[in-house]
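Biologist: I am new to reading models like this one. Could you show me how the words we use are tied to cut-offs?

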Amino acid sequence: MEKRQVLDPTFAAKLIEDTLSAYPEKARKERAKHLAVNDPSGKNKVISNVKCRPGVISSRGCTYAGCKGVLVGQIKGMIPISHGPVGCGHYSWSTRRNYATGKRGLNNFVTFHFTTFYQERDVVYGGDKKLDKALDELFEMFPLAQGASVLSECPVGLIGDDIGSVARKKEKETGKWIVPYNCEGFRGVSQSLGHHIANDMWRDWIVERYEPKDLDPDWEPGPYDVVYIGDYNIGGDGWEVLKIFKAIGLRVVARFPTDPNVWDWPKAKYAKLTIVHCARSTQYFAKSMEKKYGIPYYESNFIGATDTFESLRDIANFFDDKIKENVEKFIEKWTPFVEKVKAEYRPRLEGKKVMLYVGGLRPRHVAEALEKDLGMVVIGTGYEFAHDDDYEKTYPKLGEGALIYDDVTQYELDRFVEALKPDLIGSGVKEKYVFQKMGIPFRQMHSWDYSGPYHGILGFLRLARDMDMAVNGAPWKYVKAPWKKEMEV
Amino acid sequence: MEKRQVLDPTFAAKLIEDTLSAYPEKARKERAKHLAVNDPSGKNKVISNVKCRPGVISSRGCTYAGCKGVLVGQIKGMIPISHGPVGCGHYSWSTRRNYATGKRGLNNFVTFHFTTFYQERDVVYGGDKKLDKALDELFEMFPLAQGASVLSECPVGLIGDDIGSVARKKEKETGKWIVPYNCEGFRGVSQSLGHHIANDMWRDWIVERYEPKDLDPDWEPGPYDVVYIGDYNIGGDGWEVLKIFKAIGLRVVARFPTDPNVWDWPKAKYAKLTIVHCARSTQYFAKSMEKKYGIPYYESNFIGATDTFESLRDIANFFDDKIKENVEKFIEKWTPFVEKVKAEYRPRLEGKKVMLYVGGLRPRHVAEALEKDLGMVVIGTGYEFAHDDDYEKTYPKLGEGALIYDDVTQYELDRFVEALKPDLIGSGVKEKYVFQKMGIPFRQMHSWDYSGPYHGILGFLRLARDMDMAVNGAPWKYVKAPWKKEMEV
Amino acid sequence: MAEKKRNGIDSYSVPEEISIYDMWSYNTTMEELGDKPWWELPERFSSLEEVWEYTKSKEYKEKNLSREAIKIDPEMACQPLGALLAALGIEGTLPYCHGSQGCASYFRFEFTRHFREPVMEAASSMTEDAAVFGGLSNIVEGLQNAYTLYKPKHIAVFTSCMAEVIGDDLKAFINRAKQKGSIPEDFPITYANTPSFVGSHVEGYDSMVRAILEQLAEPKEEKTEKINVIPGFDPYTANIKEVKKLLNTMGVDYTFVPDWSRTFDYPLGKFEMYPGGTPLEEVKNAVNNKGSVIIGKFSLKKTAKLIKNKWKQPLQAMEMPIGVEFTDKFIMTVSEMTGKEIPPEIEEMRGIALDAMTDAYQRFHGVKAAVVGDPDIVYGVSKFLLEMGAKPYYVVSTNGTKKWQKEMQALLDSSEFGKGCKAYAGMDLWQLRSLMYEEKPDILIGPCDLKYYAREFDLPLVRIGLPIMDRFNLHRYPIMGYEGVINLVTFIGNALLDHFDRICPEVNFDKLR
Amino acid sequence: MAEKKRNGIDSYSVPEEISIYDMWSYNTTMEELGDKPWWELPERFSSLEEVWEYTKSKEYKEKNLSREAIKIDPEMACQPLGALLAALGIEGTLPYCHGSQGCASYFRFEFTRHFREPVMEAASSMTEDAAVFGGLSNIVEGLQNAYTLYKPKHIAVFTSCMAEVIGDDLKAFINRAKQKGSIPEDFPITYANTPSFVGSHVEGYDSMVRAILEQLAEPKEEKTEKINVIPGFDPYTANIKEVKKLLNTMGVDYTFVPDWSRTFDYPLGKFEMYPGGTPLEEVKNAVNNKGSVIIGKFSLKKTAKLIKNKWKQPLQAMEMPIGVEFTDKFIMTVSEMTGKEIPPEIEEMRGIALDAMTDAYQRFHGVKAAVVGDPDIVYGVSKFLLEMGAKPYYVVSTNGTKKWQKEMQALLDSSEFGKGCKAYAGMDLWQLRSLMYEEKPDILIGPCDLKYYAREFDLPLVRIGLPIMDRFNLHRYPIMGYEGVINLVTFIGNALLDHFDRICPEVNFDKLR
């Protein structure tokens, strides 16, 4: 991408400095390392994946949230047990719009809240026995369940319960799959560790332990087998992508967490390519597959038309000419549609300033879609729980002078927004109403704000429509009372 | 029924006298003739079916209301045209819960509002041409219509339009049935004339003009053929009765206005018996059939279990032993059910005082059901638009001392209610909220208050339940603020 | 896995051995009862389906839209109904309908069903003899009876068709009644001519409001510091309360006339013959106030002329304050006319309304609505929809004039969200049906009569306007003012969500919306 | 004659040539994508239907009701959430959660989704090192950062699990932070222990309310003429406004504490860090007021003890004023405690509520409801239902205690309409499902989580309580007070009618209801 300045770097640096000045000494020093003015060459780096400063109001969640809420809770056919007190399971009950087919209570447990409901006596005497019994009760209630996922909350780890041995014992007794996740919220510094734990457990407790033929005797590997991971299927995102893979001749033999069919996962080790959408949450798995089975992986982006087409061409390069031809045909077929969408929406969005603050991939994936396809200008971006590699991938994609903020605090983000007055902010629901109060259009970019799918080509229309709806939304022009207009300009 | 006193006749007479004292001289004299203290022997008569006094607030409707709203508007397959200005059709649009099967807009026009929408020019230049054109447009819109009913509003008659000749002309042109009703609101003194007009027109324009074989070549008369008329099918009343007729072996060959299949009406002249429910609105037709074809008629009452059983036995007497046996079997089968309903509700209603003021049959039909089956005590009743014969049938059915009020005025009814403090009032929606404001339970007894069916045996359960719901309804005990209780007793 | 349907609302608190009987057993088909529907007879149409499909066709639509002599489901009532509303908004007033037997009952029905409240109205109850001799004797006796029995402080007389066709002279007749001693000479009686074959309830309302203001007026030399606020025909009690709340918050001294906010919303416990209304003294004095604001510019043309031309009062005749911009306009208009500043409390209310709008607008964006009802109400509701990014795609007012249609269309064209939207004056619902088969909207907004079409098209219906006879309390929730904005967001937004939750596939059945 | 289903809410304002694409095209079956569901594999269950039917059986029900170790869809949150609500009801207060990384985000999620408003809360963000060394350093730095950055007037500290399991001593830690100069010595910090493995959000709310009242109290010799009004855990802003309206109408001088009515309902235009809350001066002085009324007797047991035993104030701990009788009781209690007479305006409000009740009760009579939620709320809502003649057939409170169950059952038994109705403490929704398959109710009332069951049983759902994440503005409509009675009549009554209009046969599709 050519070099372009989106903010005056001196101004941006001053803004960061001014903002930091409000902190006490220690926090100021620490927070300074998380904030930078972008130089696309990556000269100005931020640090990341370290503890929050206490007291600052961070948006981060915890390891349990990353493990249960983002990944494990979505597995179809596995009962996700929030193991511990009632709260964590309550707050993460159906709050992510990760879609899955199946019938609730029969073979789909995604929209439930299962809790072992720790009481004081469980904290004092330990909860392993309760878990043991809970599993019996659950399989009695839901005989079609393939198994259960046990997700530990803080007290479980702190009091030294051993969910691993309970899992092993009950697997033998019941014949079900039971996967223990020690994802207590106090471990790690954010959601990120939760992803890692989930990846490792899936590899060790499912993919490595079972063979495809155990579940599907007729199954044979094929030349176009791929695994698709790291797409949360928000609003149906992943289904859009699966349809495209089908259109270009690939066979998706396993996937998560898009409507994740856990019984297919053992096939992952026989695939030809692992396609990763959110590298932050699922590249651990991809790397394991590469290391142990030599399966290459590719980090895709299906947000935005340009990146979708580019990702497809890249994927085709792992295969033969047939797939390459299919991809070209696909692109040819859909280009007129993409142009129509751009013609409709780009003029309405061109040059609009955007600030992003999201999770582990969208701060750069979305940024690219908004800039390349819709002509918007991203003047600030940051991650809740990214690592260095994420930022390394980010710097070159953003314009010069853009603010980079890692684990941004409520205080910092408020100041940046007040100073920069963006036309649109894309972040989470906790931020949404703060900025809407200021009269600034906002989209929740974790959950697509109850919309979606945004992935793929049809999703691009929805993305473009929604950005227009936000930026040019009807009520915004009424924010200020007409009798106040002259006084407060 | 044995003689029993429900109010002290001296007290009742004094109440009437006191109430009348508020009137100016002329109105007092006139109104005095409409009010009486019941003597079951019929000694104290009221006059009826005369003009309202102006200015008094009467509940009566008009001839159009009686003709269109009560009878003609319900005919299935015939498009009811409110011929004149827009209002009358608007106010009578689907406001009666007279049920009919069929598909709205295809072969059922009961829930529509059709108006020729007179404007000033139509009043000045006449509206016959407009009607002519309206009929063409309607048959174009609704090709499955059997025909149309033309219902005149006031201006039509006042300016001298001739809807009869328009109807005849259009019948020839279109092959449809077109029946003109000169039911202008200024004719007559109440709804009553509207019923009469409808009866006569149906006889002259439908029953007399067509033969059953014209419409149903296979049809043959049978020994158990009856006609059922005067049941408005409120909330499905008529269907309950039709089911009973079927159960006892009668064949209903024509009926109105229960889901009225106009194409069957010509069969009426071949029936063995005309069963009349509301004699006030449909005995004209029954008498015509008797006079011209020697078909006897019977005035039934299917409100309440006792009267339903009695009516069935009476009807059976018009037929052979087979029907009589069927009726006895029917009664035997349903008596335990009736006893259960009574056991449940009678103790909750026994002795409760009721005042009624309804239309043309219910002031006595309902009174009987409430008294005989549910043990309530009717202390006052009256008709909006009855004639002498209705009152003659009423006196013996009510207790001594009960108030009888014809075309009661809002003023009179308020005074009576204030003085008598009944436990329940059954009247129309215009009265409902007046008396509810006073904290007195109320049931709309024209429309069954959005409930029903009340007819027949299952309807009796609903009737009993609803009376209990009204009299013992939960919110009534809260009417007075608790902090006011001591002060205002 | 389907559940057997139950008629939930009709579950009984009856012993089980009784309740097992199916109380809706009349669902027995007519065929079971031995009926043979005529349309199945051999010589008739063989297929209902075929005719039904025809009624959805373009060909049918063209015929339907070109009808001239018949209206099918028009959404409007007649003049005296509006006159009745105006009369009920004045203290101690007995409305009196001079016309045929029966009209008065119809008007009372309409309001009593809509508000679920008593509605008092006397009538001349003219019959055939009056057609021959005129209604003089009816009015002479009628006024005497009404005055004696019901002890009003004022009687408002209006006509229905018959009196107009036979040419009764109201003014002369009333004078005659006074001469004859039916009522005292100085007793205030106002009168208006309101034939049903002209205009609609809206025009009748206007005529009666004008008559009351004009005929009761007691002009004085000096002007007061008060203003008059005069609502258009409006079937809500809460709208009046909301507008008065805004005026009170601003500290404005005003006469709200007419005012039926208590007439149709007063406590249980005691029946009141005259529960509400603008005090008569204020009505008499309205002529002396320093200005007037009409909220409902399509409803009050004659009244506007009285104030402007005869009273020569400063007058602002504006839209109903529905939606944020028209409410702002109302506030600023009042502020300008009275010199009162707009206090922070008003801004707080406004800001909360904006908050509700921005919370919900993404559910409104692009949603196509069919909006049906009186000219002023659909004008305001459509404006609100545009402010939310929704599309008032079909704006239908059977009683809208050509002038209304032009202004309505201009409003639609003034917003980018109004693209493709159209205003239809004089249209009836059966015509709207044809339009909807061409392009189906997402929601219907209007009186309860629309329910037949909501069912046919499986669309949500938000009930606004008159009549609403099948739901509780809706007149108790304002659609005007900033509070009205919040209610419209709630009612329309949640209706869209209810509907979507119902029709969406299970995978999309989200706990977050 | 069926219409093709459309996803109405998602209609697009896009050019036609784009909009023709079906945006919900992912409804493509998984089979089309080459998936084979595992439950169709030969060795597995051959029939989903069979298992589904089994889950509706009596046998299943018995197993389901005897579960001991797992809860399935329990309807309750944990203590710190309640503490957060209490803190947000105090002027200038920064809530501060001392516990693991992440908890605070969950609590903020819950309220921000429910109210659609910003929710501010700082946290200690403890991680593994704190598990080893304790949370002292986190709180010392945390309080300093929070104080310096966000400039609160008061910080309210509460705990989540971790701090409780490792045994952090809040009081000592806070003193330590002050000694270290993190915050000024005289800066008010209150604290409460709120472990998630004890009680629910309701108990956490109680603990924090008590802590705030107790720890901020500045007792004086003299008593004021004011009373304290203390609400139970209540996820509405409008309830507070309604109760205050009643108090203001009575002319009572009161301290309403805590008060989040503006916290979650303030104007768009400017973000406010501390938009609402009871003034701190009033909170400090609450101890000196002449009496207290608790509205939410199941929510505030510890607070009640403080007031009664420690403050020795006259205390009335009563039901939430939901429904007419509990509202009457509230009015009379306040009147008695303050000596203020009950003015006619209150009677007017009450009478209008009664009017709405009697207009609608025939639609409620005998209707069986499943009512789910917090103990105080379901207690009040059930009372309202009984007052309407409806049957609160299943009253489910996962966080209800045995004592609550007993009192709730007694309330049900006290009414003839409560016959057959039952209270269920500790029950979860999956258990309620089994009950409902035995006897299906007519309507569900409770938080939005019930929607899954509403869909399964095809029942109307009236959303009351916390959380409501899928509808707009409901917290802006009170369910308390006389206004609340009207709203409950409207919401429940019209939901019943909506549902009936939907499921009734066409012959019964009436324009009048």
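**Strands, helices and a kink**

Modeller: Gladly! In chain C, C:Cys97 stands opposite C:Ala123 in S3(C). This is a predicted model, where local features need pLDDT of at least 70 and side-chain atom pairs 80 or more, while totals for chains, interfaces and linings use all residues. Residues are numbered from 1 along each chain as written, chains are lettered from A and ligands numbered from 1 in written order, and side-chain values use heavy atoms, without hydrogens and water.

Biologist: What makes S2 (residues 93-98) and S3 of chain C a pair?

Modeller: Strands (DSSP runs of E, at least two residues, numbered from the N terminus, as are helices, H or I, at least four) pair if DSSP finds at least two bridges between them. S2(C) and S3(C) have two bridges, in the parallel sense, so they meet that definition.

Biologist: Why are S3 (122-123) and S5 (189-192) of chain C at the edges?

Modeller: The open sheet has the order S3-S2-S4-S5 in chain C. S3(C) and S5(C) each have a single partner strand, so one side of each is left without a neighbour in the sheet.

Biologist: What makes B:Trp334 the site of a kink in helix H14 (residues 321-349) of chain B?

Modeller: The bend at a residue is the angle between axes fitted to the seven residues ending there and the seven starting there. At B:Trp334 the kink is about 40°, shortly before the proline B:Pro336.

Biologist: Is B:Trp334 buried or exposed?

Modeller: Buried means under 20% relative accessible area, exposed over 50%, partly exposed in between (1.4 Å probe, protein chains only). B:Trp334 is among the buried residues of H14(B), including B:Phe330 and B:Phe337. Just after H14(B), B:Gly351 takes a positive phi of about 80°.
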